[in-house]
Amino acid sequence: MKFTEEHEWLREDGDEMVVGITIHAAEQLGDVVFVELPDEGTMVSKDDEVVVIESVKAASDILAPVDGEITEVNSALADNPGMVNDDPQGEAWFFKMKISDPSQLEEFMDEAAYQKFIA
């Protein structure tokens with residue numbers, strides 16, 4: 001897995017990347033009550049707002065970590081946004097995407113570096 005300074009994670013899945021938020025981010029948000037996902041087929045650029053997540057504490061935007069195309073969204077989150085609190089780095093992924101420029105992944109942290117970042 002790779003991690004961003006915005007507390008997102010990316011995991012390779014064949015020729016796609018799965019994107020979600022970290023355990024740390026989910027803990028900071030508190031109880032998630034609503035998730036708005038992008039449309040499949042949407043082309044995004046790095047730092048575009050792609051997901052809106054609302055918790056009892058705040059509303060936050062999840063940004064595209066890289067350039068590419070959204071290929072699949074986790075529609076289960078619409079019916080059960082609390083999954084984000086229960087399993088943020090597993091079943092509660094937000095979307096999958098095909099990356100336009102794989103070299104963009106080089107700027108992200110591995111898990112050890114991320115743990116230092118949030119310490």
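**Note on a cavity, a buried serine and a sheet**

1. The lining of the largest cavity divides into four nonpolar, one polar and four charged residues. Here Ala, Val, Leu, Ile, Met, Phe, Trp, Tyr, Cys and Pro count as nonpolar, Asp, Glu, Lys and Arg as charged, and the others, Gly among them, as polar. This is a predicted model, in which local features need pLDDT of at least 70 and side-chain atom pairs pLDDT 80 or more, while totals for chains, interfaces and linings use all residues. Residues are numbered from 1 along each chain as its sequence is written, and side-chain values use heavy atoms, without hydrogens or water.

2. The structure holds one cavity of 30 Å³ or more. A cavity is a set of points on a 1 Å grid over the protein atoms alone, where a 1.4 Å probe fits but cannot get out. The largest cavity holds about 40 Å³ of space, a volume being the space filled by probe spheres set on the points, which are joined across faces, edges and corners. Its lining residues (an atom within 4 Å of a point) are Thr4, Glu6, Glu8, Lys46, Asp47, Leu63, Ala64, Pro65 and Phe108.

3. Aspartate 47 has a positive phi of about 75°, yet is not a glycine. Most residues other than glycine have a negative phi. Aspartate 47 sits in the loop between strand S5 (43–44) and S6. Strands are DSSP runs (E, at least two residues), numbered from the N terminus. Aspartate 47 is partly exposed because its relative accessible area is 43%; buried means under 20%, exposed over 50%, and partly exposed in between (1.4 Å probe, protein chains only).

4. Histidine 7 also has a positive phi, near 70°. Histidine 7 lies in the loop between strand S1 (2–3) and strand S2 (8–13).

5. Is serine 55 buried or exposed? Serine 55 is buried, since its relative accessible area is 9%. It belongs to strand S6 (residues 49–55). A polar atom of its side chain lies 2.7 Å from the backbone oxygen of leucine 29. The backbone nitrogen of lysine 57 is 3.1 Å from a polar atom of the serine 55 side chain. Beyond neighbours within four places in sequence, serine 55 is in contact (heavy atoms within 4.5 Å) with Leu29, Gly30, Asp31, Val32 and Val33.

6. Six strands form an open sheet in the order S1-S2-S3-S9-S8-S5, with antiparallel pairing. S1 and S5 are the edge strands, each pairing on one side only. Two strands pair if DSSP finds at least two bridges between them. Strand S8 (residues 68–73) and strand S9 (residues 95–99) are joined by five bridges. Glutamate 69 has lysine 98 in S9 as its bridge partner.

How values were computed. 1 Å grid on protein atoms, 1.4 Å probe; cavity = no way out; pocket = protein on both sides within 12 Å on 5 of 7 lines; lining within 4 Å. Helix = DSSP H or I, 4+ residues; strand = E, 2+ residues; numbered from the N terminus. Polar contact = N/O pair within 3.5 Å; in protein donor to acceptor, adjacent residues only side chain to side chain.
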